[in-house]
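I opened the model today and kept notes as I went. The entries below follow the order in which I looked things up.

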Amino acid sequence: MPEEYRLILKHADAPKYSNDIECYMKHGGYKALTKALKLKGKRVEGKGVIPPQEWIREEVKASGLRGRGGAGFSCGLKWSFVDRRSGKPIYLICNADESEPGTFKDRQIIYKDPHQLIEGMIISAYANDVNLAYIYIRGEFVEGAKILNKALDEARKKKFLGKDILGSGFNLEIHVHRGAGAYICGEETGLIESLEGKRAYPRIKPPYFPAILGLYMCPTIVNNVETLCAVKHIVADGSEAFAKLGTPNNTGTRIVSLSGHVKNPGYYEIEVGKATIGELIFNENFGGGLREGRELKAIIPGGSSAKVFKAGETFKMKGKDKKGNPIDKEVDLLDLPYDFDSLMAAGSMSGSGAIIVMDDSTDIVDALSNVSEFYAHESCGQCTPCREGSLWMSKALHRMTHGEGRKEDADYLLNIAQNIQGRTICAFGEACSWPVLSFVKKFKPEFEARGAEDEQRKAEEVSD
Amino acid sequence: MSFEVPKKLETEINRTIKHYPEKRSASLMLLHALQDHFGYVSKDAMEWIAQKLDLQPINVYELVTFYPMFRQEPAGKHVIKVCRTLSCALGGAKELHGHVCKKIGVDPKAHGLQTAKNGQFSVEFVECLASCGTAPVMMCDDDFYEGVSLEKADEILEANK
Ligand SMILES: Cc1cc2nc3c(=O)[nH]c(=O)nc-3n(C[C@H](O)[C@H](O)[C@H](O)COP(=O)(O)O)c2cc1C
Ligand code: SF4
Ligand code: FES
């Protein structure tokens, strides 16, 4: 039976575990940092002796760690893009905006085990020659910001932060920066603008890749909370131990946020790909199934921006037979391993690791209307297709959920969505069009029926 | 009455500004500080921040109109935020919001922050609060409340009367 594997949340929910530094250190906290700071140069084949900072970066690359914020991009590769020759300072920013609907994992770390994040950040900063770092936390986490500030003070007192950390000669300061309720601050270049004290207008890439032109036009690394915690474990246990967890190309653990119509919603840390979507929803160790008498209708597998799956869907996937020869196989939705690659192969994504489950009591038009209203509210407004399109889609759906549907609405929605994706500055364009494209395509009869019913009712009202 | 920031708060603000290599970065933190203190961001507050950070008032004003958490009008004594996004909607957010609105006597259909006549409470339907596993969710001032049944909502309102 698949079970949770708690690496990052190992202690968070243990009785008597608290978020102060004494408790963290009693459980082995800051040992990885001490280890990192004591590392000497390493001899690597073909490269000679490399400095310890580069060695840590190599370890992170070798671990296979992929970003936990949404895109699932290799962390080691991202770090390797950092411009280290510009002579400008390099900045590290922890993305603690946690604003993708359905996601509530980073808050578990911040509220219950903030020192783990701080230790991960100090190590990541050391490895990347960063002397000034920020935690960008969403404005509503007022308590979270307080907890982090207290934890940072504690770390300063113990000389884990500040000048000449533990006598290593390395200097680092970390500050908490609060957002103010705008989803687009989660997008890394929007976040950077916001941290510069401006509206969170995402920047166009190229040329504004954070690794080259980020905060104050200096090289900048933006990583999610969970990603930075994973770095601590990679340094503590070695890249090989980390890569042994999970599945090939989908290494380590991942905290899955499970919400919606399941008996036991909550956060579950699993080895990536070692549980299927079906197990996460139905297994007693996880969601525990649907409510009595209900059937599965739809699943959003990676935060509200991910394309929806319809219950009963199957996917043609590449696999291997017993002898290792490549074969095509058909995989049922519920048998999809919950990892980055499988979900992508099935046409969606594991995004922020948030699964939203909908049973057959869900009005699918209502559900999409809800999601679209979110995006219409949160578009930053810079790009016309996104600003106008997200609003038109939301308005059409609002009409449809208020008895004013039209037969052609389904195609109208698809048409708008198709004209947004790929035509915008940032990935919000995809985030707002993917739900519409997938919901309408996969549940088209329901959308068309809604419009047809409304038109018929109105025709009858007129003829009465 | 002229606009005045207490000395203690200003000292704290001066310290915050030092966290950044460029002063302008402190804008959001200063807006939070002044809104926390005065209950809203007045024109005077924006001008004060602009001066403090060597900016034009428009540089601050454009933030207040962009970031949903800032308000230019005083709110009720307690501000309630009910999450309206999908997971909470599946868990009964609309009923919860409707119930709270009725209790304090504001229109649930009206957009934006709604303040009760007696000034005790303001209510707002907001986007995902990152607590979706315990839907429906609401905040009262800085505190989170999870799995809020209608009875529990009544208790929270009662406790903050
Ligand atoms: C519209 C949008 C919203 C995003 N919101 C978040 C967020 O709330 N938290 C987060 O960590 N990443 C978010 N991201 C992803 C970030 O842009 C960025 O890829 C991530 O922080 C990188 O960290 P990682 O490599 O550790 O995953 C968002 C991206 C987009 C396009
Ligand atoms: S795609 Fe949308 S959110 Fe992104 S920059 Fe353009 S308007 Fe803003
Ligand atoms: S949907 Fe309500 S907290 Fe996320």
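**Entry 1: chain B on its own.** I read chain B along its sequence and wrote down the pattern α-α-α-α-β-α-α-β-β-β-β-α. That comes to 7 helices and 5 strands in chain B. I noted beside this that the model is a predicted one.

I then looked up the extent of chain B. Its C-alpha trace spans about 50 × 35 × 25 Å along the principal axes. The chain is divided into domain 1, residues 7-66, and domain 2, residues 78-159. I looked up the distance between the C-alpha centres of these two domains of chain B and found 29 Å.

**Entry 2: where chain B touches chain A.** How many residues of chain B are in contact with chain A? I found 36, and they are in contact with 56 residues of chain A. Together, chain B and chain A bury about 3700 Å², and 60% of that area is on carbon and sulfur atoms. I used area here because the size of an interface is often given as the accessible area lost when the parts come together.

Entry 3: I counted 1 salt bridge between chain B and chain A. It joins B:Arg84 to A:Glu373, and the closest N and O atoms of this pair are 3.5 Å apart.

Which helices of chain B each supply at least two residues of the side that touches chain A? My list has H2 (27-38), H4 (57-64) and H5 (86-90). H2(B) gives the largest share of that side, 5 residues. I also sorted the residues of the side of chain B that touches chain A, and got 19 nonpolar, 9 polar and 8 charged.

**Entry 4: ligand 1.** I turned to the ligand last. Ligand 1 is surrounded by 17 residues, and the closest are A:Gly69, A:Lys78, A:Asn95, A:Asn224 and A:Thr227.

For A:Lys78, a polar side-chain atom lies 2.8 Å from an oxygen atom of ligand 1. For A:Asn95, an N or O atom in the side chain is 2.9 Å from an oxygen atom of ligand 1. With A:Arg68 the backbone takes part: one of its polar backbone atoms is 3.3 Å from an oxygen atom of ligand 1.

Technical notes: Residues are numbered from 1 along each chain as its sequence is written. Chains are lettered from A and ligands numbered from 1 in the order in which they are written. This is a predicted model: local features need pLDDT of at least 70, side-chain atom pairs count only at pLDDT 80 or more; totals for chains, interfaces and linings use all residues. Side-chain values use heavy atoms; hydrogens and water are left out. Contact means heavy atoms within 4.5 Å. Buried area is the accessible area (1.4 Å probe) that two parts lose on being put together, summed over both. A salt bridge is a side-chain nitrogen of Lys or Arg within 4 Å of a carboxyl oxygen of Asp or Glu. Helices (H or I, at least four residues) and strands (E, at least two) are DSSP runs, numbered from the N terminus. Ala, Val, Leu, Ile, Met, Phe, Trp, Tyr, Cys and Pro count as nonpolar, Asp, Glu, Lys and Arg as charged, and the others, Gly among them, as polar. Domain bounds come from an automatic or database domain assignment. A residue is near a molecule or strand if one of its heavy atoms lies within 4 Å of it. A polar contact is a pair of N or O atoms within 3.5 Å; within protein, one must be able to donate a hydrogen and the other to accept it, and residues adjacent in sequence count only if both atoms are side-chain atoms.
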